[in-house]
Amino acid sequence: MIGTLAPVTIRQRAGTYALTPASGVSLTAIAEHQALLRGSGIDWGCGTGCLAIVAAKISAVEAVVGLDSSELDVRVAAENAAVNGVDGKTTFLHADSYHPNTRQGREALVMLRGKVDFVLANPPASRGDDGFSFRREVLTGAREFLKGEAVVLVQISIQYSQKRIDLLTQIPGFRYAGCLATTPWVPFDQDRSDLRQHLVDYAAEEWRGGLDYTFGDPRNCGRTFIDARTALDLFRQTGMSPLSQWQVHLFRYERGSSG
Ligand SMILES: C[S@@+](CC[C@H](N)C(=O)[O-])C[C@H]1O[C@@H](n2cnc3c(N)ncnc32)[C@H](O)[C@@H]1O
């Protein structure tokens with residue numbers, strides 16, 4: 001059971017994106033802030049459809065389009081929507097970001113230009129840069145589709161730092177409106193191979209001169225912050241995972257605003 005929404009069933013298949021704590025906090029944000037969502041929405045990087053399906057359960061929501069670069073995830077998302085009785089309100093499209101790979105998909109998305117009330121996104125970390133590119137892409141690309149007043153809910157974990165969040169408001173039209181949901185400090189679990197790789201990538205970005213990351217220090221239960229280089233050294237020396245908080249942040253969009 002999530003908030004006051006009816007329970008949903010999300011089936012996974014071998015090769016589909018696994019639900020993680022980042023999915024969980026995104027579901028919590030939707031369930032606890034249902035009043036933000038109405039009309040039409042896009043779920044960027046929908047995976048097996050959990051965010052789109054939960055949003056579609058909200059009575060004020062009329063339609064949600066899920067976009068994902070994995071054909072298998074898109075197929076399974078459509079099956080999950082049917083299992084949860086929201087197939088009439090949801091469409092899932094194979095796409096690279098906001099660019100569907102089929103003519104039918106492109107036609108469907110063109111119809112949404114300037115008509116979308118909300119975008120939901122739990123994006124992956126990008127590679128070879130600061131890890132934050134997909135978050136920037138979610139907001140930048142959304143502008144074509146959002147109505148005059150709309151909202152974007154993006155999963156951004158605390159280690160990306162408030163500075164990177166603030167920089168997102170340089171994308172014209174967006175105003176930062178706060179953190180909607182957070183976990184407590186939890187290990188940025190270095191037993192998970194993807195998170196181990198992210199920590200190495202973040203440290204490399206700091207060595208290149210990029211903005212620092214902000215992990216909680218596991219030696220004092222997160223009372224102070226450490227950067228990624230310190231977190232990586234600490235893990236290599238002690239096996240301690242740095243601490244993170246999985247969070248969802250709200251951006252309000254106002255067309256015509258300079259941001
Ligand atoms: C962190 S998962 C989130 C899945 C689901 N929304 C959730 O919260 O559990 C990120 C998803 O983004 C998809 N993805 C990665 N790059 C993408 C791109 N360029 N365009 C669209 N989807 C992408 C991945 O296939 C994956 O399903």
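This report describes the overall build, the domains, the ligand shell and several individual residues of one predicted protein model.

Residues are numbered from 1 along each chain as its sequence is written. Because the model is predicted, local features need pLDDT of at least 70 and side-chain atom pairs count only at pLDDT 80 or more, while totals for chains, interfaces and linings use all residues.

## Overall build

The protein contains eight helices and 12 strands; helices (H or I, at least four residues) and strands (E, at least two) are DSSP runs, numbered from the N terminus. Along the principal axes, its C-alpha atoms fill a box of roughly 55 × 45 × 35 Å. The radius of gyration is 18 Å, which agrees with the value near 18 Å for a compact globule of 259 residues. This radius is taken over C-alpha atoms, and the globule rule is 2.2 Å times the number of residues to the power 0.38.

Of the 259 residues, 40% are buried. A residue is buried if 20 or more other C-beta atoms lie within 10 Å of its own, exposed if 12 or fewer, and partly exposed in between, with C-beta atoms placed from the backbone. Among contacts with a separation of 6 or more, 71% join residues 24 or more positions apart. Two residues are in contact if their C-beta atoms, placed from the backbone, lie within 7 Å.

## Two domains

The domain assignment gives domain 1 (21–184 + 245–254) and domain 2 (186–243); such bounds come from an automatic or database domain assignment. The C-alpha centres of domain 1 and domain 2 lie 27 Å apart. Domain 1 brings 13 residues to the contact and domain 2 brings 12 residues. On the side of domain 1 that touches domain 2, helix H6 (residues 161–168) provides the largest share, three residues. The residues of that side divide into five nonpolar, four polar and four charged. In this classification, Ala, Val, Leu, Ile, Met, Phe, Trp, Tyr, Cys and Pro count as nonpolar, Asp, Glu, Lys and Arg as charged, and the others, Gly among them, as polar.

## The shell around the ligand

There are 21 residues around the ligand, of which Tyr17, Ser23, Gly45, Gly47 and Asn122 come nearest. A residue is near a molecule if its C-beta atom, placed from the backbone, lies within 6 Å of it. Helix H1 (21–32), helix H2 (50–56), strand E2 (61–68) and strand E3 (90–96) each supply at least two residues of the shell. H1 gives the most, with three residues. By class, the shell has 10 nonpolar, eight polar and three charged residues.

Aspartate 73 has contacts with two of the residues named above. Leaving out residues up to four places away in sequence, aspartate 73 touches Thr16, Tyr17, Gly47, Thr48 and Asp68. Aspartate 73 belongs to helix H3 (residues 71–83). Between aspartate 73 and serine 23 there are 50 residues in sequence and 15 Å in space, C-alpha to C-alpha.

Leucine 19 lies in the segment before H1. Apart from its neighbours within four places in sequence, leucine 19 is in contact with Ile10 and Cys50. Leucine 19 and valine 64 are 45 residues apart in sequence and 19 Å apart in space, C-alpha to C-alpha.

## Helix H8

In helix H8 (residues 228–238), the residues Ala228, Ala231 and Leu232 are buried. Viewed down the axis of H8, these buried residues fall within an arc of 100 degrees, so they line one face of the helix. The arc is that of the directions from the helix axis to the C-beta atoms. An α-helix has 3.6 residues a turn, so residues three or four places apart point the same way. Helix H7 (193–207), strand E9 (215–216) and strand E10 (225–226) are the elements against which the buried residues of H8 pack. The face turned away from the buried side of H8 carries the exposed residues Asp233, Gln237 and Thr238. Just after H8, glycine 239 takes a positive phi of about 80 degrees.

## Positive phi and burial

Serine 97, in the loop between E3 and strand E4 (99–100), has a positive phi near 55 degrees although it is not glycine. Cysteine 221, in the loop between E9 and E10, is a residue other than glycine with a positive phi near 55 degrees.

| Residue | C-beta atoms within 10 Å | State |
|---|---|---|
| Aspartate 73 | 24 other C-beta atoms | buried |
| Leucine 19 | 16 other C-beta atoms | partly exposed |
| Serine 97 | 15 C-beta neighbours | partly exposed |
| Cysteine 221 | 11 other C-beta atoms | exposed |
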